[in-house]
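Have a look at it with me, and I will jot down what I looked up.

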Amino acid sequence: MPERRLVSWIAASCVMLVVLVAGCSSDRSDFPNRIQPDIHADGTKVLRKGNGSEPGTLDPHQASGVPAAGILQDLYEGLVITGHKGGILPADAKTWEISADRKTYTFHLRDNARWSNGAPVTAGDYVFSFRRMVDPKTASPYADIHAPIVNATAIINGDKTPATLGVKALDKHTLQIRLDKPTPFFLQTLAHVSSDPVYPPAVKKWGDAFTQPAHSVSNGAYQLKQWRVNDKIVLVRNRQYWDNAHTRIDQVEYYPIDNSKSELSRYQAGGLDWTYSVPAADLDAIKANIPKQLHTVPTLGIAYFGMNVTRAPFKDNRKLRLALSMALNRQVIVDKILRGGQIPAYSWIPTAVQGYDSVRYQWADWSDKRRDAMARKLYQEAGYSDQHPLKAEFLYPTGGIGKTLSLVAAAMWRKVLGVEITPRNEEWKVFLQTTRNQFDTQIFWGGWIGDYEDPNTFFSILNSHAALNYTGYHSAVYDKAQAASEHVPNGPQRTALMHTAEAALLHDAPLMPIFFWTNHHLIKPYVKGFVPNPLDNYYSKDLDIVPAGTASQTSPPPANDKQENH
Amino acid sequence: MISRKRDSLENAARGNSLGRDAWRRLKANRAAMASLVLLGLITLAVVVGPWLSPFNYYSQDYDAIWTAPSWASGHFFGTDAVGRDLFVRTLNGGRISLMVGIVTTFVSLIIGVTYGATSGYLGGRTDNLMMRIVDILYSLPFMFFVILLVVFFGRNLLLLFAAIGAVSWLDMARIVRGQTLSIKQQPYIEAARMAGAGTPGIIARHIVPNLLGLVVVYVTLTIPQVILFESFLSYLGLGVQPPATSWGALINDGTSEMSVAPWLLIIPSIFLAVTLFCFNFIGDGLRDALDPKDR
Amino acid sequence: MMAYIVKRLLGAIPTIFILLTLTFALVHLAPGSPLDGDRPMTPEVRANLEAKYHMNEPLIQQYRRYLLNIAHLDFGTSFQYKNTSVNSLIAAGFPVSLTLGAAALALALALGIPLGMLAAVHQNHTADYGAMGLSLAGISVPNFVLGPLMVLVFAVYNDWLPAGGLDGWQSYVMPVLALAAMYVAYVTRLMRASTIEVLRSNYIRTARAKGLSGFRVFFVHVLPAALLPVVSFLGPAAAGILTGSVVVEQIFGIPGLGRFFVTGALNRDYTLVLGITLFYGIIIIGFNLLVDVIYGWLDPRVTY
């Protein structure tokens, strides 16, 4: 009776449908979200944070990427840290003086700054660390941030020895740093994790393995207890930390979860207190159900499409580049596609950067119709038409938002201009090689996240000498203004230089800014002390876990908050 | 012994009518026939369907994002995160999934059966050598192999077939070889050899027909495997190049949007599942129909 | 038998050598360098790193060096996890993958073999359809769908199991189920097909005709013969489960070897990929040998 096999078919279909429907169609208003702070019986408070991907290393001088930086900030503390509103706060250095020519910085370290093994943090430790940082043997990806220091560039290039670096210990607790030229954002670069000190005896004894939990000695609010690759990294309170009295959370666990959907599930199930990101598709449900736990942080990040100006069709064709840029409806991209509160970008410097007003494209405020008409006009002037449409390739890396955006852009360009785009996706490592070493691109997806809070972190990468300039953009006006702006004190003169650079960039249009990044975090209501900041930088020592109903401990702002930077 | 020999001679003599007999038996199996019809309908739909719809698989409509399936809007299966019509995308994805599944499985079937049967039948040193080669290929980091291929030769469907086919025949070869080892001990093989049949003839006429049941079952398992494997490649960004799509890629995307737009997961899943069911029933039906012992 | 095993083990040496050579060549032919990161580096830094990893030497010399290190069982330092040896990464990841894989395989066999036999014995009856329907469902739901759905049901809507991570045996329940689902289906179908085949064969008919009890015939004659295709399938299945656990490891945040391998490949982590490949190669070769020995034990007609 073969027809009875149909019964099994139907049975199996039912099983599948039930599974699918059970998973999908559960009442939308029912949004489980367990509120279970992890507080041990002995009162130990544990903060469990999603942390994106697994950091490659926890050596502050070799690490790169946001996941590593988050952990390193808890482990190590540099001379200064960033404050809530993006300012600079004293950390290991209690005070400092800047010479009249703004080229010599003298830092006075705290007497009570200690390593986790009880040894004092000395100026000598900093000298050792800065030299290690710029030493080509260390191969730090961020060495170039420290270029302002005397001889740093020569050392990075292997022309001088690390001992010639302009960093000197005047005495046990006094550190002097000399700069080649005045650099208005120098303190900001000192807040970067690559400026953190490492414990010299541990590095000398263990070499690169000093980052392992058994060998790790750190000077931040926490110390490394356990590191299980791809599982979790556990930090515990560093009792030797100078401000240990104000640390509230005893243990911080970082979970590398690269899939934001999995991360959301773990958050809802009560296994995480803090997420690294939020899946875009679930934003609406989250806003409807737990709006107070969703935190949207505009950050120092820009998403752009670069155009290779060294090759056809974009070489020497400014009008074509501008036409493509204008034909993109950024408002639609932000409101309809991304839906995460991103800001449409018509300039190069993110709005989140404090103290700088960008030059903007004037067509930013035009109606869609007028802008599209102008784009078509430029497109035709550039020598293209419906009969001879532009055919170009759009390169984007695997994973992330590049895929969606390349498709959206292709659809918009097709609709407004009739451009025929071939999206091409390459695996990340290959993408890097294609964009960087071979310049084998036409249009490519690009993103940049600032390293420190100053417009220069964005301007410097488009200098024609910069290794991060993948468009091949080369403008004498831009280069000159950008280089000059690095050494002029903050003020009208510097702003004018930066405006010159930005205006040149927008006019030449080697790239099209798309949107300024926003990050999203879900944070349980019992986690207190979160204040969003544009670097999306949070120190666990500033946070607390206070279950609902328990009396909030008097939680004064951290002691160092009182000395907002000059 | 004598009767066995006659048996095998009869088998050999009836070889020509084997196909007709099998077809007759298959026709009697209603589940298999129903599956065949349904599979035919799905194939027809994926081939013709996209032309009948007013939408295409790449056009986006930002005013119709995540619209639920409805007759009124013309989006029978709803739309996705950028407002593309899921009906057309599902059918277009089906073209690719079916093509990948069938072509690749066919490639792996041909290579695997020939290789496995030869290895198992010849035995000894040859078998050892051939199986060592399979072992080596097994132990290769397959993903690397695929990445290399895709990167060196660009991204196209033929390459995808080649990459998946190059690996999936290994399972087939091993299983066939294992079965051949025991079949070749059967007295009728000995008899055929004594009757003067050559090695290729024995493999083709005696070994392979006796393997068919197992092979067909395995093929019905390989097609879904290949279709799923294609989606795994898509998941790594090495599969079909967007905006083109496949069922695997659609389901993969649907999983991440299931809380907002469950149809993006459910509809491609149903298409995939029904297709896999059909292959399974046809496979079972074929097995019964081809089984020479079931006379 | 002993001689056979020794012969196979000796034969494995050139296999491993070829595997190593091929992988080494493939890895170094692949475009993209392990040194490329988010940030470009100066030529000086690059030269230093290349010297550190001996990448400035001719390939043949790198190869010789690698072989020498392998001979000392030293897989080198990972590129991606900068200060960690590949040996320690494998030592950390393999037990997890092994637990996951062994449990999934055991579950697949424990469910698949009885289900397949049941279906075969009751061919074309309700039990057959039930078993086959279940196995069909297993094949038809990809594990990247099954995984998140299970998480929703068992971890999010109900607080029965952890949603991810590795915290005690509970953490293994969903990953094992997700990983085993497809293999239960395979084993059931293979078992059903082969049991039906064996039941119809002449020697079983003879055994029955000789008056042996059905029970005895089944367990002494039918079962070992019917298990053969399943045993054949074990080799590929074990390899597939080990490498295929990548998706499951990703969904449930489990720190297994599969995830290392994928991230290693994507990051061009030469040493990690080579190390894991070689490790897998040895395991697969060993497992295949084991399978062949079991095969011979089950089927006395097989000669070596």
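This is a predicted model: local features need pLDDT of at least 70, side-chain atom pairs count only at pLDDT 80 or more; totals for chains, interfaces and linings use all residues.

**Entry 1: where chain C meets chain A**

I started with the contact between chain C and chain A: it takes 50 residues from chain C and 54 residues from chain A. I count two residues as in contact if their C-beta atoms, placed from the backbone, lie within 7 Å. On the chain C side, at least two residues each come from helix 2 (43–52), helix 4 (86–121), helix 5 (126–140), helix 6 (143–157), helix 9 (214–252) and helix 10 (257–266). Helix 6 of chain C gives the largest share of that side, eight residues. I also sorted the residues of chain C that touch chain A by class, and found 27 nonpolar, 15 polar and eight charged. For the classes, Ala, Val, Leu, Ile, Met, Phe, Trp, Tyr, Cys and Pro are nonpolar, Asp, Glu, Lys and Arg are charged, and the others, Gly among them, are polar.

Residues are numbered from 1 along each chain as its sequence is written, and chains are lettered from A and ligands numbered from 1 in the order in which they are written.

Helices (H or I, at least four residues) and strands (E, at least two) are DSSP runs, numbered from the N terminus.

**Entry 2: the two domains of chain A**

Next I checked how chain A is divided, and found domain 1 (45–254 + 523–545) and domain 2 (299–518). These bounds come from an automatic or database domain assignment. The C-alpha centres of the two domains of chain A lie 33 Å apart. Where they touch, 16 residues of domain 1 are in contact with 15 residues of domain 2. The domain 1 side of that contact has seven nonpolar, six polar and three charged residues.

**Entry 3: strands in chain A**

How do strand 9 and strand 10 of chain A pair? I found strand 9 (residues 222–228) and strand 10 (residues 232–237) antiparallel, over six bridges; a pair needs at least two bridges found by DSSP. A:Gln223 stands opposite A:Val236 in strand 10. The two strands form a hairpin with three residues between them, and A:Asn230 in the turn has a positive phi of about 70°.

Strand 10 of chain A also runs antiparallel to strand 11 (residues 251–255), with four bridges joining them. There A:Val234 stands opposite A:Glu253.

I then looked up an open sheet of six strands in chain A, with the order 13-17-12-16-14-15 and mixed pairing. Strand 13 (343–344) and strand 15 (420–426) stand at its edges with a single partner strand each, so one side of each has no neighbour in the sheet. Inside the order, strand 12 (residues 294–307) and strand 16 (residues 443–449) of chain A run antiparallel, joined by seven bridges. A:Ala303 stands opposite A:Gly447 in strand 16.

**Entry 4: chain B**

Chain B has ten helices and zero strands. Of its 295 residues, 55% count as buried, meaning that 20 or more other C-beta atoms, placed from the backbone, lie within 10 Å of the residue's own.

I finished with one helix pair. Helix 3 (residues 86–122) and helix 6 (residues 157–183) of chain B pack at an angle of about 35°, with their axes 6 Å apart. By class, their contact has 18 nonpolar, nine polar and two charged residues. The axes are lines fitted to C-alpha atoms over the stretch in contact, and angles run from 0 to 180 degrees between N-to-C directions.

Conventions
A residue is buried if 20 or more other C-beta atoms lie within 10 Å of its own, exposed if 12 or fewer, and partly exposed in between; C-beta atoms are placed from the backbone.
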